[in-house]
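These are my notebook entries on the fold of one chain and on its contact with a partner.

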Amino acid sequence: MNILKVTDVARREFASTALTKGFIIGALVVPAVFGCIMPLIGFLVNSAKPPAEVGRVAIVDRSGQVGEVLAERLAPDALAAAREKAMGNLTSGAPDGSAPDTSDVAAAASAMLGQVPQLTTEVLGPDGDIDGAKNALLDVHAKGDPERMLAVVEIDADAVQRAPDKTSFGGYTVFTRPEVDVRTSGTIEDTTERAIRDTRYTIAGINADEIRALTSVRSGGVQEVTAAGTRESNKALKMIMPFAVIMLLFMGVMTSGQYLLTTMVEEKSSRVVEVLLSALSPMELMAGKILGQLGVGLTLIVMYSGVGIVALVYFGLSNELKVTQLIYMPIFFLIAYTMIASFMAAIGSAVNELREAQSLMAPAMIVLILALYLSFPVSLSPNAPWAVAMSFIPPVSPFAMLTRIASSEPPPWWQIWASIGVSSFAAWVMVWVAAKIFRVGLLMFGKPPNLGTLIKWVRMA
Amino acid sequence: MKGVRKTFGKKVAVEGIDLAVPEGELVGFIGPNGAGKSTTIRMIMSILFPDTGELSVLGRKSAVESKDRIGYLPEERGVYKKMKVGAFLRYMGRLKGASGAGLAKRVDEWLERVELGDVRNKKCEELSKGMQQKVQFIGCVLHEPDLLILDEPFSGLDPVNMRLLRDLIREQHEAGRTVIFSTHVMVQAEQLCDHIVMIHNGRKVLDDPLGAIRTRHEARAIRFEGIDGAANGRAAEAVAAMPEVESVTNVDGQLEARLVAGADPARTIAAMTSAAPMARVELHRPTLEDIFIEIVQGSAADDDERARLRAQLRADGAGHSRAHGAAGEGVGA
C-alpha cells in the first residue's frame, strides 16, 4: 500500500468535507453561535431589571384577618427587607431559621436585579366592592402614576379559618392589569400567600418562625473524600457524564460515517471512481477515504469535547473530568469509527445512489441507536454481568465500555484492554470484509444489491 | 494476455483472449458496444481480474505494480464536480506519482495546449462535457506514462476537438509511448492505428497490422453511381449475368457489384459504363466495418444480415452516449 497516495486521498476527503461552507456552518458555526448566544441570553435576561412599578393595590379581604398583615408586607420597605433576608439565606447557604422556599429565591433574584415595586395598598374589608376595584384596573393612567391601580387581591372568607362544613381552607385571587410586569405580580402573589399562611399559624397558636426553624434542615451536601482532599459531589453531572461521552462518540461516528457514505456514492455516481482506480488500488482508496473522514470525526469530537471541558473548568467542575476518559475516548472512537466506517464504505461502494443505501444502512443504524440507548442502564449498573458482557461484544463493545469508564464505578484496567483487543479484532475483520465488497461493488452499476448479494461478493472477491 | 476469460454471473464477457501489444505501438481495439473491449481494458488495468488466464503489463505481473507508468482514460469517466480544474489535475497527477512544483507548471501548460487555460480556477461542473473530456485526457498524460490506455476517447467530442485529440494521441505515440485505444467507430481506428484488434462477443476475431489487413482484404467490389435511378438499373442488368460477378446490391443509392475472388475488375467496370451514363465509378476498398462484418458473418452471410449488422454498428455510434451507464447488472463491457 502506497502511504503517500493514501494520505493524498485522505487529505482530499477531509478537505472536501470539512472545508466546505455546509460543514463549517452546520457543524462548527451553529454550535459556536449557540455557545455564544446562551450566555448572551442569560446576560440579557438578568440585565432586564423589572421596572419600578408604581401604583395601588386594593385588598378585598373577605376574611377580615389578613388584609392589614398583607398591606404591611406589601409596603416598599417590608418588601425590600424580605428580599434582603431571602438573599442572605441564599448567599450564606445556611438557613438562619427560615426555609428558603422557591418564592424566596425568586424574590432574592429580583431584589438583586431590580427595584422593589412602590405599592400603596388599601384594604377594603369583607364587604369591599370587588367589581369597583376591578373596574379601576381599566382606568387610563400614565405608567408611574401613583394613582394607577395595579392589582386587586381578593382573599376568601375562609382563607385563614376553615368553614365548619369543609375540610380545607379557602384561598385568594390576584387580579392585575395585563401590562403589569410578571415579576411584580409574582411578588404580590407570593407575599399574599405568605401573609395568609402566617395568619393561619397565628390563629392556630403556632409560632411561624418556630415552624420554619423546625422544618428547615441544614445539609452540607454530599462530599467526596479523595486523597487530594474533600470535595463536593455533583450528582447531576455524574449521571449526565457517561451519557454525554456516548453522545459525543455517537455524533462523531455517525457524522463521519454518513459523510463517508455520501462521498463514496458521489464518486461512484459521477463515475470518477474508475479514474481513481487507475491510480490506486481499492484498498488504498478505501483506506484514504476512511482516514480522511476519521479526521472529520476527530475534528468534531475535539471541538465539542473541548467546549465541554472549557465549560467544566469555567464552572469549577473540572474535578469531574477523569484522565482515563480523555485517554480512552479517542481509542474507542477510533475502533467504533473503523467498524461503522468500513460498513458505510462497503455500502457506499455497492449502491448507485443514496436512496438505495437506506435499507442496507439499517444494521449500522440499529447498532448505533442500541448502543446509545443501552448507555443509560449501563451507566447505572456499570458492573452488572450483562453490562460487562456487552463491553466485550462488538460492535456495541466500544460504546458499552466507554460508558462504564465514564461511570462512577470504572471497570478494572484489564477489562478495558481486553475490550480494546476484542473490538480492534472485530474492526479489522469488518475492514477486511468491507474491502472485499468494496473491490467488487465499486464497478457494479444497475440493480441495487441486497445483503445476500453483498455476502456473495465477499465470497467472490 | 494468455487465455484470459472473464464472466459476470452466467454472462461470459471475455473468452480466451490471447494478445501481445509490442512496445511503442498504437493499437486499436474495435468492436461493437458490449463486445468485451472495456472488460479487456479493465483487466489490463487490474481494475477487474480474469477468472482464468494470465496477463502482464509493462513487464510486471499486473498493472497494480506499474499503475504510475500507465495513463488510463476509462469509458465511464468522471470528475469531482465541486473541485477546481487545476486542483483536480494536480490531485490526479499526485495520485499517479507526479509531484513537486513541476506538476503545477505542467498542469498549466497542458491546459493552455488544449485551449482551456482560462478554466483553471473554475469548478469541473462548470465545464461542458467536451471540456471535461479534455481535462480527463490531461489527467492521464500528465505524469508522462509509458503506456496510454484510452477507452472510447472520442465519444462525445465535436469534430474540432476530435481532431485535436487525435493529434494529441498521435503526438504521444510519436514520443515513443505505447497507446491502446478502443472504439466502436471503426473509421477512427482506421485513421489512427498501426495495429487492429477486433473483438466480438468476448472473443478476439482479428489481430493484425492495418496494412496487412488491407492487403489481405483486396478490393473486390465496384461501386457505380448512374446519373439517375434508371441508369443504375441498366448497369445492374448488364453485369448481373457475368460469371465474375458474385452479387449485385444497392448500397446507399449506389450499385455495388461484388466480384468473385481473383476476378479482373476492368471488364465489369467497362460493362457498367457502356450500359448506362455514370456520375461516378470506383473500385471500393473494404473498410474496417466491411471487414468486421465479413469476419463476423462469414462470406456466406446474406445481404440482409450484412445490412442489419452494418445498421447496428452505425446505431451504436449514434447512440453511444446513451449506452453509458446502461450496463445492467454487472460491469459494462
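I take helices (H or I, at least four residues) and strands (E, at least two) as DSSP runs, numbered from the N terminus. The model is predicted, so I note that local features need pLDDT of at least 70 and side-chain atom pairs pLDDT 80 or more, while totals for chains, interfaces and linings use all residues. Residues are numbered from 1 along each chain as its sequence is written, chains are lettered from A in the order in which they are written, and side-chain values use heavy atoms, without hydrogens and water.

I looked up the elements of chain A and found 17 helices and 6 strands. Chain A is more spread out than a compact globule, because its radius of gyration is 33 Å, well over the 23 Å that the globule rule gives for 461 residues; the radius is taken over C-alpha atoms, and the rule is 2.2 Å times the number of residues to the power 0.38. Along the principal axes, I have the C-alpha atoms of chain A filling a box of roughly 95 × 55 × 45 Å.

I then looked up burial, where buried means under 20% relative accessible area with a 1.4 Å probe, protein chains only, and noted that 44% of the 461 residues in chain A are buried.

Last, I turned to the partner: with contact meaning heavy atoms within 4.5 Å, 22 residues of chain A and 27 residues of chain B take part. I noted about 2400 Å² buried between chain A and chain B, 60% of it from carbon and sulfur atoms, this being the accessible area (1.4 Å probe) that the two parts lose on being put together, summed over both. A:Arg12, A:Glu274 and A:Ser278 supply 25% of the area that chain A buries against chain B, more than any other three residues.

Notes
Buried < 20%, exposed > 50% of the residue type's maximum accessible area, 1.4 Å probe, protein only.
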